[in-house]
Amino acid sequence: MVISNLILKNFRNHSYRNFDFVEGLNLITGENAVGKTNIIEAIYYLSLARSFRTSDDKDLILNGADNALIEAIIQEGKIKRKITIKLSESKKEILINNKKITKLSTLSSVANVIEFTPEDVMLFKGSPRERRKFLDIALSKKNPLYLDYISRYEKALKERNEILKSDKFDPKLLEASTEVLAKLTGPIMLYRQNYVRDINDILLIITRALTGVCEDKFEVKYEPFIEYNSNYMDSALEAFNKSLERDIRTKLTNVGIHREDFSMSLNGRDIATYGSQGENRIAALALKLSPYFLIEDEDKRPIVVLDDVMSELDNNRRENLIKFLNKFKQVFISGTKLSSSNAHSIELRKNTKN
């Protein structure tokens with residue numbers, strides 16, 4: 001899919017901007033603080049109706065304005081759709097072809113965007129929550145059934161935690177909610193296990209293209225909280241029961257797929273512990289790009305947005321990355337100084353409007 005037009009009104013520092021984009025590489029350049037990342041952020045927002053920079057939509061509204069607007073034309077093969085997102089301090093309204101939608105899964109099916117930001121270099125050294133979020137988003141976009149399973153699990157988890165927080169909880173209610181979690185555990189683990197296997201199949205191709213080194217082996221390792229087999233439900237119930245005393249004490253569910261993690265190794269060594277910052281950057285970039293190739297329908301493959309990805313790469317890896325990105329349907333790269341002979345360039349300047 002591609003985005004052909006983007007209109008921003010009172011979004012971040014942009015009072016009004018109207019952009020036309022092309023297939024292939026789109027370079028967004030300019031000095032610092034002119035709003036390059038804000039454009040990347042707006043494109044990403046079209047996919048999940050949330051920012052990768054803030055959890056508060058009020059931060060997205062231009063200072064002094066009451067509301068903000070993101071409007072885009074998305075093309076999927078021959079199908080063209082208009083997405084309109086209206087933001088105010090009190091609500092968010094999303095429309096597709098001028099019809100209001102209520103399910104974010106509907107939006108995500110129309111606009112699929114994957115992103116890489118400078119903070120992603122810490123993906124493997126940072127919180128497991130960020131790694132799980134990547135996995136859950138990528139899997140949900142590839143398979144709506146996974147989104148259904150993980151949504152049901154999160155609902156059951158919330159209910160169990162509310163029971164644990166009660167001053168006098170009902171043991172039967174707790175047991176029932178625990179069984180729901182255990183039942184949902186198996187399908188989610190199977191999806192994660194298979195997806196990590198598929199990522200590893202494509203990861204070598206991406207990392208070798210980015211580094212130019214064929215001998216290095218990057219590999220993702222999934223770390224489930226129990227072993228997945230035909231007895232997964234009994235194993236999950238056993239794990240929940242072992243943690244019950246701690247759960248009651250902390251008023252929180254301390255084990256489960258919501259606490260799982262995965263790691264990345266380079267030539268058999270954990271990259272978070274032993275890898276350089278450059279190796280962590282390449283590993284994170286390759287991982288973030290891998291979902292693109294795991295979607296079979298080329299028209300549904302995501303738009304790629306890369307914020308300031310070039311600044312910490314040497315010339316050789318910059319050239320390798322630009323060459324590799326030519327394989328993608330549409331890519332947006334922001335940076336202070338970028339150039340490519342086959343790219344569409346948009347230069348932002350201070351105090352200018354479209």
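Which residues is Phe 124 in contact with, leaving aside its neighbours within four places in sequence?

First, the ground rules. This is a predicted model, where local features need pLDDT of at least 70, side-chain atom pairs count only at pLDDT 80 or more, and totals for chains, interfaces and linings use all residues. Residues are numbered from 1 along each chain as its sequence is written, and side-chain values use heavy atoms, with hydrogens and water left out.

Back to Phe 124. Contact here means heavy atoms within 4.5 Å. Beyond those sequence neighbours, Phe 124 is in contact with Arg 131, Phe 262, Met 264, Ile 271, Ala 272, Asn 280, Ala 283, Ala 284 and Leu 287.

Now the cores. A nonpolar core is a set of buried Ala, Val, Leu, Ile, Met, Phe, Trp, Tyr and Cys residues joined through side-chain atoms within 4.5 Å. Buried is under 20% relative accessible area, with a 1.4 Å probe and protein chains only. The largest core has 62 residues. Phe 124, Met 264, Leu 287, Leu 306 and Ile 333 touch the most other members. Helix α5, residues 171–211, gives this core its largest share, 12 residues. A second, separate core holds 40 residues, including Phe 21 and Val 305.

A word on elements. Helices (H or I, at least four residues) and strands (E, at least two) are DSSP runs, numbered from the N terminus.

We use a 1 Å grid over the protein atoms alone. In a cavity, a 1.4 Å probe fits but cannot get out; a pocket is an open set with protein on both sides within 12 Å along at least five of seven lines. Lining residues have an atom within 4 Å of a point. A volume is the space filled by probe spheres set on the points.

The largest pocket takes up about 1,200 Å³. It has 33 lining residues. Nearest its centre lie Asp 136, Ile 137, Ser 140, Leu 147 and Ile 150. Helix α3 supplies the largest share of that lining, 8 residues.

The second largest pocket is about 730 Å³. Its lining counts 32 residues, with Tyr 44, Phe 52, Glu 115, Glu 130 and Lys 133 nearest the centre. Again α3 gives the most, 7 residues.

Last, the cavity. Arg 132, Leu 135, Arg 192, Tyr 222, Glu 260, Asp 261 and Phe 262 line it. Both α3 (128–142) and β10 (261–266) give two or more residues to that lining.

Conventions
Buried means under 20% relative accessible area, exposed over 50%, partly exposed in between (1.4 Å probe, protein chains only).
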